[in-house]
Amino acid sequence: MALVPVEEARRRLLGGLRLMPAEELPLGEAFARTLARDLAATRTQPPFAASAMDGYALRAEDIAAPPARLKLIGEAAAGHGFAGTVGAGETVRIFTGAPMPAGSDTVLIQENADREGDVVTALEGAPAGRFVRAAGLDFSAGETLLSVGRRLDERALSLAAAMGHARLPVRRRPRVAILATGDELVRPGETPRPDQIVASNFHGIAALVTAAGGAPVDLGIAPDDLTEIRRRIASAGDCDVVTLLGGASVGDHDFTRRALEEEGFGLDFWKIAMRPGKPLMSGRCGERIALGLPGNPVASLVCGRLFLMPLIAALLGRADTAPPEETATLGCDLGANDQREDYLRARLERIDSAWIAHPFPVQDSSMLAVMAAADGLVVRPPFAPPAAAGEACRIIRF
Ligand SMILES: Nc1nc2c(c(=O)[nH]1)N[C@H]1C(S)=C(S)[C@@H](COP(=O)(O)OP(=O)(O)OC[C@H]3O[C@@H](n4cnc5c(N)ncnc54)[C@H](O)[C@@H]3O)O[C@H]1N2
Ligand code: MOO
C-alpha cells in the first residue's frame, strides 16, 4: 500500500470541517481563545487630544522666543480636564493623559520650565503639537481592529478592552477526548508489573491540545479489548474530537480501528510517508472526528504537532494550521533518506543570527529523553539525497 504524503494526509484531515460554534465570554475569561467574528472599535482612542508628558499646556507662539513668562491659570490631570480656555500668555499645569485645555496647542515639559507661584518661565520653545496625542491617534470608532480567527493574546485583550468590549465572541473550545490503549500501561504513580510501563503519551498530547486551544478530556487507559475500547469511545459522545493513542498498527492486539468502525466512524486509515509516525488513523462520525495517533511516544508527540494541533486550529478557524517551518544550517552530514519524510529530533544552536541544527545520532521513536532534549525537528523530504554539514535544511522549532 502506497504511503500517503504528510501534506496530503493533513489536507484530508482538515477538509470539510465545521467551525466550532461561537460563545460569548467576559474579557477576563477570553485569554488564548479565538475570535468568532471581526471586532470593531466602539469608541475613539484617545477620545480627546491628550498630553503625552508632565509639564505645561500653552500656545506655542507664546514661547517662540524663550525665556518667556506665562501666567498659571489652572491644572489638568488624567481624569480631570481643565474647564477654561488658555489665552495669550497663559498656561495650565498638565499631567500625562490629561485632555489638552481649549486654546493650548503644545506641552512644554516641566524639565524646560521654572515655576514660582503662578508664574511659569519657559526656558525653551516648543513647536505646536509637541507632546500632544491627537484624538484618534490610536484608533477611531468603527474601525475593525481585530479579525475573526485572531487568537486572543495579551495584546489583543488589551486592545479589545480599549475598544470598549467587555465581552467577546469566541469559538467554543473543541473538547478533545484522549484514550490511551494497551495492556502494558499503568498511570503515572501506579506500580507497573515487570512487563508493564508507565503511560506517558496522554500528558504530552493533553498539553498540545491545551496549547492549540482545545480542552483535553481524559478517557483513561483501556486494555487491549475491543468491547472496552468501544465503551470508552462511546463515553466521549459529547466530545468534538476523539484521540486514540496506540493500537493503530497491524498487530494482533491493535483494536482501535475496529472499535471506531463499530462505533459508527467512517475511517480514513493511512500509512503515512513519515518517520516517526507511519500508522495514523482518522475518521468521521457526523461532526465528530477521530484521530488515531501511533503508540510510540515520540511518534505520538510528533503526529500531535503535525496533525492534532492543526486540526484544533482549523476547528477554531485559525489560519495557522501548519507547523511553522524555518531554515537552518546542518551541523553534521546526513545519509540519503528513504520514502518516509523524516522528522529528526535535533539540538538547535544560534550562531550569528542563524540556526545550526544538530540531529541526535539515535532517532528511535520510543526515546522520550532525546525528544525532551531536542529544541526542534529537522524535516527531510522523502528520497532526499545525502546532505553535508553546512547545507541548508528545514526545521520546526519547539
Ligand atoms: N509489522 C509492523 N509493525 C509495526 C509497524 C508496521 O508498519 N508494521 N509500524 C510501527 C510503527 S512506525 C509504530 S509508530 C508502531 C505504532 O503502533 P501502535 O500505534 O499500534 O502502538 P502500540 O503497538 O500500541 O504501541 C507501540 C509502542 O508504544 C508504547 N505505547 C503505547 N501507548 C503508549 C502510551 N500511552 N504511553 C507510553 N507508551 C505507549 C507501547 O508500549 C509500544 O512500545 O507500530 C510499529 N509496528
Ligand atoms: O512511526 Mo513509528 O514511530 O516510526 O515507530
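This is a predicted model: local features need pLDDT of at least 70, side-chain atom pairs count only at pLDDT 80 or more; totals for chains, interfaces and linings use all residues.
## Around ligand 2

The shell around ligand 2 is made up of 2 nonpolar, 3 polar and 2 charged residues. Their names are P276, G277, K278, N296, A299, R340 and S365. And where does ligand 2 sit? You'll find ligand 2 in the largest pocket.

## Polar contacts

Some of these neighbours come with distances. For G277, a backbone N or O atom is 2.3 Å from an oxygen atom of ligand 2. K278 also takes part through its backbone, where a polar atom lies 3.0 Å from an oxygen atom of ligand 2. N296 uses its side chain instead: a polar atom there is 2.9 Å from an oxygen atom of ligand 2.

## Cis peptide bonds

Now for the backbone. Going from Q45 to P46, the peptide bond is cis, with omega near -10 degrees. P46 belongs to the loop between β2 (39–40) and β3 (50–51).

P66 and P67 are also joined by a cis peptide bond, and omega is about -5 degrees there. Look for P67 in the loop between β4 (55–58) and β5 (68–76).

## Positive phi angles

A32 isn't a glycine, yet its phi is positive, near 70 degrees. This residue is in the loop between β1 (22–26) and β2.

F383, another residue other than glycine, has a positive phi near 55 degrees. Its loop runs between β25 (376–380) and β26 (392–397). Is F383 buried or exposed? F383 counts as exposed because its relative accessible area is 60%, and the cut-off for exposed is over 50%.

Conventions:
Residues are numbered from 1 along each chain as its sequence is written. Chains are lettered from A and ligands numbered from 1 in the order in which they are written. Side-chain values use heavy atoms; hydrogens and water are left out. A residue is near a molecule or strand if one of its heavy atoms lies within 4 Å of it. A polar contact is a pair of N or O atoms within 3.5 Å; within protein, one must be able to donate a hydrogen and the other to accept it, and residues adjacent in sequence count only if both atoms are side-chain atoms. On a 1 Å grid over the protein atoms alone, a cavity is a set of points where a 1.4 Å probe fits but cannot get out, and a pocket is an open set with protein on both sides within 12 Å along at least five of seven lines; lining residues have an atom within 4 Å of a point. A molecule sits in a cavity or pocket if more than half of its atoms lie within 2 Å of its grid points. Ala, Val, Leu, Ile, Met, Phe, Trp, Tyr, Cys and Pro count as nonpolar, Asp, Glu, Lys and Arg as charged, and the others, Gly among them, as polar. Helices (H or I, at least four residues) and strands (E, at least two) are DSSP runs, numbered from the N terminus. Buried means under 20% relative accessible area, exposed over 50%, partly exposed in between (1.4 Å probe, protein chains only).
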